[in-house]
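Subject: Structure handover

Hello,

Here is the structure I promised to pass on. Please open it alongside this email.

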Amino acid sequence: MYIVLPMDSDDVQEASLVSVADVKVWAQILIEAGEVVEILHADAFDAFDNLSEAVVLINDFENPMPFLEYNMMPLVAHTQRSIDDIVEAFLFRELHDMAV
């Protein structure tokens with residue numbers, strides 16, 4: 001499964017999740033069998049070769065419409081900011097559906 005994250009850096013170890021308005025780079029993470037297979041970076045969430053199935057946003061106030069148009073499931077990481085924390089929360093189903 002591919003998930004996409006708005007990040008402040010392409011440094012996998014140091015990057016933090018940010019709002020869509022503050023995004024510097026998009027990280028696309030491929031997760032298979034509970035493992036991170038690869039992490040790719042691009043300037044736009046729709047610039048990857050493979051479409052993402054989910055987008056992780058920083059809060060419920062983000063606009064999900066651009067992602068819904070690509071059939072992405074918007075998830076919210078209320079407290080997780082690092083890639084490792086977000087992937088762990090995703091695997092343990094601790095990310096929240098976006099409140100409407």
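Below is what was found, grouped by region.

First, the ground rules. This is a predicted model, in which local features need pLDDT of at least 70 and side-chain atom pairs count only at pLDDT 80 or more, while totals for chains, interfaces and linings use all residues. Residues are numbered from 1 along each chain as its sequence is written, and side-chain values use heavy atoms, with hydrogens and water left out.

Helices (H or I, at least four residues) and strands (E, at least two) are DSSP runs, numbered from the N terminus. Buried means under 20% relative accessible area, exposed means over 50%, and partly exposed lies in between (1.4 Å probe, protein chains only). Contact means heavy atoms within 4.5 Å.

Start with L75. It sits in strand 5, which spans 73–76. L75 is buried, at 5% relative accessible area. Leaving out residues up to four places away in sequence, L75 touches A54, V55, V56, L57, F90, L95, H96 and D97. Strand 4 covers 54–57.

A77 comes next, in the loop between strand 5 and helix 2. Its relative accessible area is 0%, so A77 is buried. Beyond four places in sequence, A77 touches L17, V56, L57, I58, I86 and L95. From A77 to D46 there are 31 residues in sequence and 20 Å between C-alpha atoms.

Q80 lies in the loop between strand 5 and helix 2. Buried or exposed? Q80 is buried, because its relative accessible area is 13%. Neighbours within four places aside, Q80 is in contact with L17, D85, I86, A89, E94 and L95.

**A negative patch**

D84, D85, E88 and E94 form a negative surface patch. Patch members have over 30% relative accessible area and no salt bridge; like charges are joined within 9 Å, and nonpolar side chains (Val, Leu, Ile, Met, Phe, Trp, Tyr) within 5 Å. A salt bridge is a side-chain nitrogen of Lys or Arg within 4 Å of a carboxyl oxygen of Asp or Glu. E88 belongs to helix 2, residues 83–91. With 45% relative accessibility, E88 counts as partly exposed.

Most residues other than glycine have a negative phi. Which residues here have a positive one? N71 is one of them: it is not a glycine, yet its phi is about 60 degrees. N71 is in the loop between helix 1 (65–68) and strand 5. It counts as exposed, at 69% relative accessibility. R93 is another, with phi near 55 degrees. R93 is placed in the loop between helix 2 and strand 6 (96–97). R93 is exposed too, with a relative accessible area of 73%.

E62 is in the loop between strand 4 and helix 1. Despite its charge class (Asp and Glu count as negative, Lys and Arg as positive; His and the chain ends are not counted), E62 counts as buried at 12% relative accessibility. Residues up to four places away aside, E62 touches S19, V20, L57 and M98. A44 is 18 residues from E62 along the chain, and their C-alpha atoms are separated by 16 Å.

D22 is in the loop between strand 1 (2–7) and strand 2 (25–32). D22 is partly exposed, at 48% relative accessible area. D22 and N59 are 37 residues apart in sequence, with 13 Å between their C-alpha atoms.

Best regards

Note on methods: Accessible areas come from the Shrake-Rupley method with a 1.4 Å probe; for residues, only the protein chains shown count as cover. The place of a charge is taken as NZ of Lys, CZ of Arg, CG of Asp or CD of Glu.
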